[in-house]
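This report walks through one model, element by element. Please keep the structure open while reading.

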Amino acid sequence: CIHGSAGAIRKFHDRRPGIPTQYAGSRSMTMCIAAHAQESGYPRLVLCFDAMSGTDSFASEILFKWENLGDGIVALYAGTVPKVKELARIYKTELPKTKVTEENLTTVLWEPMRILQERHTARKTEQPLKVTLLIAGFIEGSAKIVEVDQDDISELEAYGVAGTSTEVVEALLNWRKQSDMSSVSQTLYNLYEAKRISEVSP
């Protein structure tokens, strides 16, 4: 859970995965969830992600899917890892150039993706660009969650889901009535439950 405090973000960032667990024969999967919540009437952001990385035949819990983009803005990610890391580096280079405000939020957060798209096109690779970020932070005191992928950018009112089994997770969170008025404790439970169910869904 983050509330705009840089100290809180650093504390969360230090919680690295423990001893990696490897799964032979596992299908490739990933799950990241970002949700609005409230605590004593104050807005909060709750973030949840797994550590899975792999292919359709082998997977391992070794990947920390969190990037601190700076200035109280963080990102969870799903997609091709080298592309995600390249995109994160672009964000860290571009964001300090312009102060992010509520008015320019989507414009500023889209620019790094546009740069990555141009690079991808210039390389003339046949592999499609597949990258999704859930960007979260407090902008001018307001809690924001923005989803950015290779096609579009959108601000999310209640929560965002990226990765595999998104339909399962969204259905569960809708059933749990997850919203920006949900308490932090209920949101933590909802996100953990959704993540666990996504790991066993077909």
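Buried means under 20% relative accessible area, exposed means over 50%, and partly exposed lies in between (1.4 Å probe, protein chains only). Helices (H or I, at least four residues) and strands (E, at least two) are DSSP runs, numbered from the N terminus. The model is predicted: local features need pLDDT of at least 70 and side-chain atom pairs pLDDT 80 or more, while totals for chains, interfaces and linings use all residues. Residues are numbered from 1 along each chain as its sequence is written, and side-chain values use heavy atoms, without hydrogens and water.

Strand 9 (142-149) is mostly covered, with 6 of its 8 residues buried. Strands pair if DSSP finds at least two bridges between them. Strand 8 (131-139) runs antiparallel to strand 9, and 8 bridges join them. One of the bridge pairs is T132 with D149 in strand 9. On the other hand, strand 9 is joined to strand 10 (residues 153-155) by 3 bridges, again antiparallel. Here V148 has I153 in strand 10 as its bridge partner. The hairpin from strand 9 to strand 10 passes through 3 residues.

The hairpin of strand 8 and strand 9 has 2 residues between the strands. E140 sits in that loop. Its phi is positive, about 50°, although E140 is not a glycine. Most residues other than glycine have a negative phi. K177 also has a positive phi, near 60°, and is not a glycine. K177 lies in the loop between helix 4 and helix 5. K177 counts as exposed because its relative accessibility is 66%.

**Nonpolar cores**

A nonpolar core is a set of buried Ala, Val, Leu, Ile, Met, Phe, Trp, Tyr and Cys residues joined through side-chain atoms within 4.5 Å. In soluble globular proteins, nonpolar side chains tend to be buried together. The largest core here has 24 residues, of which Y91, L109 and I135 touch the most other members. Strand 7 (73-79), helix 2 (81-94), helix 3 (105-123), strand 8 and strand 9 each supply at least two of its residues. Helix 3 gives the most, with 6 residues.

What does L109 touch, leaving aside neighbours within four places in sequence? Contact means heavy atoms within 4.5 Å. L109 is in contact with Y91, L95, I135, V146, V148 and I153. A second, separate core of 16 residues includes C32, L47, A78 and A143.

**The open sheet and its helices**

An open sheet of 3 strands has the order 3-2-11, with antiparallel pairing. Strand 3 (42-49) and strand 11 (159-163) are the edge strands, each pairing on one side only. Neighbouring strands are turned by 15° against each other on average, direction ignored. Strand 2 (residues 31-39) pairs with strand 11 over 5 bridges, in the antiparallel sense. A34 stands opposite G160 in strand 11.

For the angles, axes are lines fitted to C-alpha atoms, for helices over the stretch in contact, and values run from 0 to 180 degrees between N-to-C directions.

| Helix | Strands touched | Direction angle |
|---|---|---|
| Helix 4 | strand 2 and strand 11 | about 160° with strand 11 |
| Helix 5 | strand 2 and strand 3 | about 165° with strand 2 |

How do these helices meet each other? Helix 4 (residues 166-175) and helix 5 (residues 184-200) pack at about 145°, with axes 9 Å apart. V168, V169, L172 and L173 in helix 4 meet N190, L191, E193, A194, I197 and S198 in helix 5. The contact residues divide into 7 nonpolar, 2 polar and 1 charged. In this count Ala, Val, Leu, Ile, Met, Phe, Trp, Tyr, Cys and Pro are nonpolar, Asp, Glu, Lys and Arg are charged, and the others, Gly among them, are polar.

**Q38 in strand 2**

Q38 is placed in strand 2. Q38 counts as partly exposed because its relative accessibility is 21%. Leaving aside neighbours within four places in sequence, Q38 is in contact with P43, R44, D180, M181, S182, S183 and V184. Q38 and S179 lie 141 residues apart in sequence but 9.3 Å apart in space, C-alpha to C-alpha.
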